Amino acid sequence: MNTENVVKHLRALWRTDRIIAEIRLRHLLTGLGLRAFAALIAAFGLLMLELSAYFALVQIWSAIAAAAILGAVNFAIAAVLFVIGGRSPSGRDIELANEIHGASIEALQIEARALQAQVSGAVHHPLSTIVPVLVPLIAIIVKSLRKSAKESAAATSAEARS
């Protein structure tokens, strides 16, 4: 397991999540703005229909027809804006961000599996993790024992001569 790879994948994951959130927020705000504008136009349409009902009581046909047609047109515009505001985000940027997000998740899963394999290998075979440390340690101990044996042999031979 390489910690640099884990950090790199976590950064990519964080960045793509941020990009995805920004894209969705931008789409949500655009849709919300269009829906608010459509609601305003629908309110005007309702006002015109109410005005047409008023004119129906006051006058005969000319003002009524104009207000009713204007109200119907306002409702049609509001419906079109609701449809446009409710569309799902289209574009290559969200697809690309989702692909990078998926690749980062896969890479982190691979790193986690490698770590799990190392840990389970160390638990099942503890000597396999100790052997790389023991071999140089044993070599150092053997060298020091040889050196001390030579020194003690030289000391005993010097005592024997004197």
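**Figure 1. Order of secondary structure elements along the chain.** Read from one end of the sequence to the other, the protein follows the pattern α-α-α-α. The secondary structure of this predicted model amounts to four helices and zero strands. Among the helices, α1 spans residues 3-58.

**Figure 2. Surface and contacts of the whole protein.** The accessible surface of the protein is about 12100 Å², and carbon and sulfur atoms contribute 69% of that area. Of the 162 residues, 17% count as buried. Among contacts with a separation of 6 or more, 79% are accounted for by residues 24 or more positions apart.

Figure 3. Thr16 is found in helix α1. Is this residue, Thr16, buried or exposed? Its relative accessible area is 4%, and the limit for a buried residue is under 20%; Thr16 is therefore classed as buried. When residues up to four places away in sequence are not counted, Thr16 touches Ala97, Ile100 and His101.

**Figure 4. A charged end over an aromatic ring.** The view shows Arg18 and Trp14. The charged end of Arg18 sits over the ring of Trp14, at 4.9 Å from the centre of that ring. For pairs between aromatic rings, by contrast, the count in the protein comes to zero.

Figure 5. Which residues make the nonpolar surface patch? Leu25, Leu28, Leu29 and Leu32 form it, and the patch covers about 420 Å². Two of its members are described here in further detail. Leu32 has its place in helix α1 and, because its relative accessibility is 54%, counts as exposed. Leu28 also lies in helix α1; with a relative accessibility of 56%, this residue is likewise exposed. Both values can be read against the cut-off for an exposed residue, which is over 50%.

**Figure 6. Leu28 and Gly85.** How far apart are the C-alpha atoms of Leu28 and Gly85? A separation of 8.6 Å is found between these two atoms, although Leu28 and Gly85 are 57 residues apart along the chain.

Methods: Residues numbered from 1 in each chain as written. Predicted model: local features only at pLDDT ≥ 70, side-chain atom pairs only at ≥ 80, totals over all residues. Heavy atoms only, no water. Patch = residues over 30% accessible without salt bridge, like charges linked within 9 Å, V, L, I, M, F, W, Y side chains within 5 Å. Areas by Shrake-Rupley, 256 points an atom, 1.4 Å probe, with all protein chains shown as cover. Salt bridge = Lys/Arg side-chain N within 4 Å of Asp/Glu carboxyl O. Helix = DSSP H or I, 4+ residues; strand = E, 2+ residues; numbered from the N terminus. Buried < 20%, exposed > 50% of the residue type's maximum accessible area, 1.4 Å probe, protein only. Contact = heavy atoms within 4.5 Å. Phe/Tyr/Trp six-rings, centres within 6.5 Å; stacked < 30°, edge-to-face > 60°. Lys NZ or Arg CZ within 6 Å of the ring centre and 35° of its normal.
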